[in-house]
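Colleague: Can you go through this model with me? I will ask as things come up.

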4 protein chains.
Amino acid sequence: MLVTEVREKIKRTERDNWKLRVGILGATGTVGQRFIQLLEDHPEFEVTALAASDRSEGKLYKDACAWRLNGEMPERVKSLRVALPQLPLDCDLVFSSLPADVAGVAEDDFACAGYPVISNSSAHRMKEDVPLLIPEVNHDHLALLDVQRKQARYDSGGFIVTNPNCSTIVLALALAPLHERFTVVSVIATTLQAISGAGYPGVASLDITDNVLPFIQNEEEKIEQETRKILGNLKPGRIDDAQILTSAQCHRVNVVDGHLVAVRVKFARSVQVEELREAFESFTSLPQELRLHSAPDRPIIVRDELDRPQPRLDRDAGNGMSITVGRIATDRVLDYRFVALGHNTIRGAAGAAILNAELLAARGYLSSHR
Amino acid sequence: MLVTEVREKIKRTERDNWKLRVGILGATGTVGQRFIQLLEDHPEFEVTALAASDRSEGKLYKDACAWRLNGEMPERVKSLRVALPQLPLDCDLVFSSLPADVAGVAEDDFACAGYPVISNSSAHRMKEDVPLLIPEVNHDHLALLDVQRKQARYDSGGFIVTNPNCSTIVLALALAPLHERFTVVSVIATTLQAISGAGYPGVASLDITDNVLPFIQNEEEKIEQETRKILGNLKPGRIDDAQILTSAQCHRVNVVDGHLVAVRVKFARSVQVEELREAFESFTSLPQELRLHSAPDRPIIVRDELDRPQPRLDRDAGNGMSITVGRIATDRVLDYRFVALGHNTIRGAAGAAILNAELLAARGYLSSHR
Amino acid sequence: MLVTEVREKIKRTERDNWKLRVGILGATGTVGQRFIQLLEDHPEFEVTALAASDRSEGKLYKDACAWRLNGEMPERVKSLRVALPQLPLDCDLVFSSLPADVAGVAEDDFACAGYPVISNSSAHRMKEDVPLLIPEVNHDHLALLDVQRKQARYDSGGFIVTNPNCSTIVLALALAPLHERFTVVSVIATTLQAISGAGYPGVASLDITDNVLPFIQNEEEKIEQETRKILGNLKPGRIDDAQILTSAQCHRVNVVDGHLVAVRVKFARSVQVEELREAFESFTSLPQELRLHSAPDRPIIVRDELDRPQPRLDRDAGNGMSITVGRIATDRVLDYRFVALGHNTIRGAAGAAILNAELLAARGYLSSHR
Amino acid sequence: MLVTEVREKIKRTERDNWKLRVGILGATGTVGQRFIQLLEDHPEFEVTALAASDRSEGKLYKDACAWRLNGEMPERVKSLRVALPQLPLDCDLVFSSLPADVAGVAEDDFACAGYPVISNSSAHRMKEDVPLLIPEVNHDHLALLDVQRKQARYDSGGFIVTNPNCSTIVLALALAPLHERFTVVSVIATTLQAISGAGYPGVASLDITDNVLPFIQNEEEKIEQETRKILGNLKPGRIDDAQILTSAQCHRVNVVDGHLVAVRVKFARSVQVEELREAFESFTSLPQELRLHSAPDRPIIVRDELDRPQPRLDRDAGNGMSITVGRIATDRVLDYRFVALGHNTIRGAAGAAILNAELLAARGYLSSHR
């Protein structure tokens with residue numbers, strides 16, 4: 001085993017010299033900071049370029065960014081100078097967490113110029129030829145990249161891949177094994193979402209202390225639409241939306257990180273509660289087979305305690321990449337109900353995009369331009 | 001107008017001498033404290049007896065009770081001595097907020113001894129001959145008191161009337177005008193409930209700070225069952241449960257007061273959104289006609305802002321006796337959805353019981369034993 | 001007694017017709033909203049003009065203002081149209097809660113044009129001829145208005161009166177009776193301040209949830225300087241600062257309303273703890289004698305429970321105009337220590353300014369321009 | 001470097017077989033859980049025995065303990081059976097986080113029976129011959145163990161070593177380099193303490209949501225007394241308390257973990273602010289020299305941002321074993337002020353005791369009884 005370890009180490013060093021160089025669009029925001037934190041010491045990617053709005057342009061990252069995560073800002077990004085999210089950037093691919101209104105044009109520009117764009121923004125999620133990707137759920141949707149290529153929308157090597165909205169990911173990941181086995185007919189999701197989902201400064205403390213906000217701009221629509229696309233079927237050149245009736249009501253609660261979703265679900269056929277539980281527990285998929293760096297051993301963790309999942313106790317499960325499901329029970333209106341929870345800025349945002357990039361790398365969609 | 005005012009004043013003074021004397025069972029708890037606060041200066045009731053567990057027995061109320069409400073403990077109760085919740089108590093009726101395990105026997109004892117028992121406890125709510133009363137919704141259920149009388153279960157003058165669980169009241173009050181006009185077929189309720197609902201010390205701060213608890217003991221069952229009884233039809237000697245499919249998922253959130261319920265509802269017939277809105281807004285009932293002291297002018301307030309209702313801003317509407325409804329919209333799975341909010345220790349507990357007592361007084365069920 | 005009441009009522013009606021007309025500069029902010037709430041049924045003032053930044057200009061107040069206080073926006077201001085904080089405004093005096101950078105010029109302009117300016121802003125607080133007024137503490141400082149007049153800085157009838165910073169008021173009000181009797185030599189104040197003190201949107205929820213901020217811009221300096229001026233002695237034409245060494249450390253904590261100040265104090269002479277307690281408890285002053293509308297019966301409430309004062313339980317004492325003192329004890333470094341608490345947007349801001357105006361009215365400094 | 005790594009690994013494996021076996025008294029509480037979490041992969045200690053109150057006796061730990069920390073309960077303790085905190089336990093030493101009333105007798109019993117007792121409890125802290133140890137501050141106080149031995153209070157090998165109160169540690173660690181260089185004459189500490197310091201269930205959420213509690217039982221006394229002992233001088237057979245005037249005011253705030261202390265300090269001589277800063281920054285001590293496993297590289301981290309330290313952002317610095325100091329400034333009453341922050345259940349409790357044990361092991365006070 002010790003020899004293996006030595007070999008492992010050598011391999012690692014070699015690989016380090018060939019890490020893909022990553023640019024981050026929206027680098028100073030809460031999701032941008034998570035990108036940087038999660039990419040510190042990543043085996044395949046290293047951050048070489050940072051871009052943000054004109055407020056930050058030209059500053060060193062350590063001066064431009066009010067770091068809001070636990071722990072220190074990683075040393076290597078401190079002295080990177082922040083550019084505008086414009087061409088060119090010194091990198092092999094870009095992660096984007098730009099606001100939707102800016103992301104539309106900027107991401108297109110980068111893709112046109114031949115950059116792979118792995119985006120957490122909502123701007124292109126619902127475009128017909130853009131994969132809305134959760135690697136455990138719909139990795140086959142990557143075939144849409146061929147459509148992007150054929151349409152010559154983007155220059156050689158350039159494309160856009162998106163990950164879903166932070167609540168949708170939790171819901172869709174929980175539904176995936178159920179839909180595959182039992183066919184979901186309708187789903188009702190009621191969310192209790194963390195404040196970090198709104199970015200920084202985001203939610204005013206006067207709005208959320210001793211309070212709940214029953215409204216998050218566009219969130220209900222996103223959950224209802226994105227879920228249908230993610231669980232949809234790949235047809236030649238497009239995705240057929242899943243024929244699932246979807247209903248979402250969204251609430252902001254006074255929690256730092258961790259979106260909780262109360263779910264009711266109706267299936268096409270009769271299902272036993274043990275089947276349901278087993279479907280969650282046994283679920284693994286391509287990222288686990290490929291042993292992707294950010295892929296959790298168990299995408300879905302089932303907890304049987306009466307009072308779990310809880311945001312503070314469960315959001316970091318699987319380094320923030322597992323979702324936790326609990327309170328599985330029969331429902332009097334639909335068939336079953338349960339509660340699902342995931343870390344909204346890791347599995348729901350930066351970690352999601354990084355896992356997407358790892359899958360793209362493993363599938364040969366990314367290459368170094370050095 | 002000035003003369004009227006003088007007359008008014010005289011009438012008030014006379015009435016004061018004939019106020020009904022009230023005992024409170026469970027006087028030191030959070031709901032007990034609300035009873036005392038809401039009954040300070042009540043035109044019909046005055047608190048003359050306090051009972052609590054043996055920890056408090058024999059102490060002056062000011063020494064036995066850690067007052068947790070805003071404002072001072074009312075002067076007149078400070079020097080009342082706390083008794084055990086046992087016969088006899090020096091009062092004409094009792095309000096009870098005893099824990100369910102104690103309430104069963106204690107409330108029966110008082111009713112047997114001829115005391116009207118107006119209870120916030122869950123012990124007798126689902127008993128066939130006990131009204132589960134919301135005066136605006138099912139005042140006709142008071143006819144069950146005749147059943148109690150005929151069965152001679154209780155001595156002359158004694159009876160038990162209950163109010164629903166704190167979340168159920170918000171839901172049932174919101175559903176009442178809809179069920180009356182459109183017939184509710186199924187309802188899905190997801191709650192975000194305040195910590196005061198668990199009493200004191202209740203929820204540990206370590207459990208709820210930066211967190212959500214997706215479990216409240218027995219709460220989902222109570223909401224599902226009680227709603228059907230409240231909206232049920234009075235038949236000779238009993239209530240026929242409403243034929244409504246009910247589903248509840250309950251969560252505790254970090255809010256001091258105010259239960260929020262996210263609701264989806266399906267009707268027996270097609271309904272326009274304007275009809276729905278109008279049904280909420282125009283709803284008034286017997287307590288408003290009788291101008292009962294605690295009855296709010298508008299039992300249901302509709303707010304059209306995108307981000308209302310909110311617990312901190314809306315819980316005190318109508319002195320805590322109105323519920324607020326907002327975010328009315330069509331739903332893709334059931335027919336409509338909306339969010340309802342009410343003050344859980346006022347409309348959902350102490351205020352509910354007091355309104356019940358006011359209705360009982362107006363209907364001649366209460367009398368002075370001086 | 002009834003006759004008196006009738007007379008009282010008649011007097012009240014007459015006076016209503018002669019209420020002073022009030023303009024509010026900074027009407028849409030959190031303090032501006034408090035002004036409007038507290039002036040809703042005020043016997044001497046009625047709001048006739050509202051001014052705010054150009055974002056709100058020209059809008060109806062109900063459209064310009066996101067109302068963040070409990071309860072409804074008062075009816076009569078809903079349809080007032082918001083102006084810029086510029087001359088002229090249709091009113092007899094102005095209350096100002098403008099940001100300090102804007103307040104400097106705007107308040108001067110209004111005073112120059114003959115308007116009494118009662119300001120909650122910090123812009124003019126430390127000016128030599130501007131009273132920094134707490135009516136219970138230094139009403140004699142109003143003599144500075146003669147200086148303003150003599151210097152002909154402002155047109156006939158125009159002047160500026162300020163109230164202290166929200167934390168300073170709590171501290172200075174607590175120190176006032178001690179300084180008068182025992183002469184304070186040095187004071188060390190450590191504050192735990194509510195989020196409403198930072199206005200809206202103010203403190204980001206991500207900054208304060210599960211957190212404390214050990215920094216509030218300029219706050220420590222304000223407390224240290226203003227306290228010395230407030231407790232200073234009136235000399236011909238100026239105030240001699242009190243010779244008190246002052247030290248302040250300020251923290252923002254996750255509380256909606258209510259600033260808490262942990263105080264150590266050293267006196268010029270030896271003091272018994274009973275004397276200290278008595279000095280707090282017996283303290284009343286001119287506003288109480290004059291029965292000013294907003295003056296609390298007891299400016300300082302002493303609580304002997306081990307765990308009081310607490311923001312949520314004590315901030316509303318005296319309708320938010322009393323401060324509460326507790327935990328009085330000898331100190332090993334200075335002489336004594338105690339904890340003081342006050343409502344920061346009532347006694348510490350809007351209520352403070354209104355009490356100032358009431359004193360000015362009672363002293364004949366205000367007159368109607370109808 | 002690779003060869004070294006291999007050797008390192010071999011050494012590690014050998015040592016593992018000789019890990020000291022640890023028992024934990026009070027294993028189900030919040031500090032007990034931290035002990036277990038921090039000892040999970042500890043190079044010198046392994047948990048072999050768990051003890052708690054009779055509520056847990058005889059149960060498997062996984063059934064007895066409601067795990068309240070992030071992450072899973074370590075596998076190896078799940079199936080340990082919980083004993084009473086009574087002799088004998090199968091271990092070489094015990095960590096104790098028993099409540100003070102139980103700890104007095106129980107810890108004495110274990111020491112008498114020859115067990116080293118490393119205690120986080122307050123029961124024996126102020127005993128003349130018991131070291132109140134912070135390894136970076138007063139490791140020489142371990143000489144008191146000779147006194148314990150000579151007095152034959154405990155059987156061969158048995159002794160008691162304590163760590164300070166959770167707030168005291170933060171304060172004393174911050175003061176240590178200052179006292180050493182400049183001689184502290186007086187210190188005024190005002191604390192803002194996290195809810196986890198009160199254990200579980202501990203602080204009721206109704207007491208701390210939207211609130212501050214200005215009282216923590218016995219806390220002010222502990223800080224004032226313990227600080228003097230810790231910074232005291234070792235004399236033959238005893239500690240001479242440091243001649244420092246100490247004043248503490250303690251508050252509970254709505255923060256999960258992390259005690260913040262606002263400090264004013266007066267020195268025996270004039271000190272420049274740069275000296276002060278340098279004293280903090282350059283401070284290291286014996287645990288750093290010995291490279292003890294839990295010793296942070298920098299016991300004190302100085303942050304220059306205006307708004308640091310903050311509990312949520314800084315509590316985990318140095319794996320929770322560093323304290324963070326900021327806001328250093330001159331003070332108008334004493335000489336300087338600053339704010340210090342530390343993780344109360346790691347550096348302030350379980351981590352403190354473990355570091356004590358590591359020092360004891362390095363100094364030969366612990367031995368295996370296999």
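Colleague: Where is Thr183(D) found?

Modeller: Thr183(D) is in the loop between helix H8 (166-182) and S7 of chain D. Helices (H or I, at least four residues) and strands (E, at least two) are DSSP runs, numbered from the N terminus. This is a predicted model, in which local features need pLDDT of at least 70, side-chain atom pairs count only at pLDDT 80 or more, and totals for chains, interfaces and linings use all residues. Residues are numbered from 1 along each chain as its sequence is written, while chains are lettered from A and ligands numbered from 1 in the order in which they are written.

Colleague: What is phi of Thr183(D) near?

Modeller: Near 60°, a positive value in a residue other than glycine.

Colleague: Is Thr183(D) exposed or partly exposed?

Modeller: Thr183(D) is partly exposed, because 15 other C-beta atoms lie within 10 Å. The cut-offs are 20 or more other C-beta atoms within 10 Å for buried, 12 or fewer for exposed, and partly exposed in between, with C-beta atoms placed from the backbone.

Colleague: And Arg291(A), what is its phi?

Modeller: Arg291(A) has a positive phi of about 50° and is not a glycine. Arg291(A) lies in the loop between helix H12 (286-289) and strand S12 (300-302) of chain A. Arg291(A) has 10 C-beta neighbours inside 10 Å, so it counts as exposed.

Colleague: Cis peptides next. What joins Tyr200(C) and Pro201(C)?

Modeller: A cis peptide bond, with omega about 0°. Pro201(C) sits in the loop between S7 and helix H9 (205-208) of chain C. In chain D, the bond from Tyr200(D) to Pro201(D) is cis too, with omega near 5°.

Colleague: How does chain C lie on chain A?

Modeller: A rotation of 180° with 0.0 Å of shift along its axis superposes chain C on chain A, at an RMSD of 0.0 Å. The C-alpha of chain C nearest the axis belongs to Ser205(C), 2.0 Å from it. Copies are superposed by least squares on the C-alpha atoms of residues with pLDDT of at least 70 in both.

Colleague: How many residues of chain C are in contact with chain A?

Modeller: 15 residues of chain C are in contact with 15 residues of chain A. On the chain C side they divide into eight nonpolar, five polar and two charged. Contact is taken as C-beta atoms, placed from the backbone, within 7 Å. Ala, Val, Leu, Ile, Met, Phe, Trp, Tyr, Cys and Pro count as nonpolar, Asp, Glu, Lys and Arg as charged, and the others, Gly among them, as polar. 100% of the interface residues of chain C are also interface residues in chain A, so the copies meet through the same surface.

Colleague: Switching to H10 of chain C: what span should its twelve residues have?

Modeller: Helix H10 (residues 219-230) of chain C should span 16 Å at 1.5 Å a residue, and its end C-alpha atoms are 16 Å apart, which agrees. The expected span is 1.5 Å times one less than the number of residues.

Colleague: Which residues in H10(C) are buried?

Modeller: Among them are Glu219(C), Lys222(C), Ile223(C) and Ile230(C). The cover over the buried residues of H10(C) includes helix H6 (135-138) and strand S10 (245-252) of chain C.

Colleague: Last one, what are the domains of chain A?

Modeller: Domain 1 (2-165 + 351-362) and domain 2 (166-343), with bounds from an automatic or database domain assignment. Their centres, taken over C-alpha atoms, are 24 Å apart. 31 residues of domain 1 are in contact with 31 residues of domain 2, and H14(A) gives the largest share of the domain 1 side, seven residues.

Conventions: Two residues are in contact if their C-beta atoms, placed from the backbone, lie within 7 Å.
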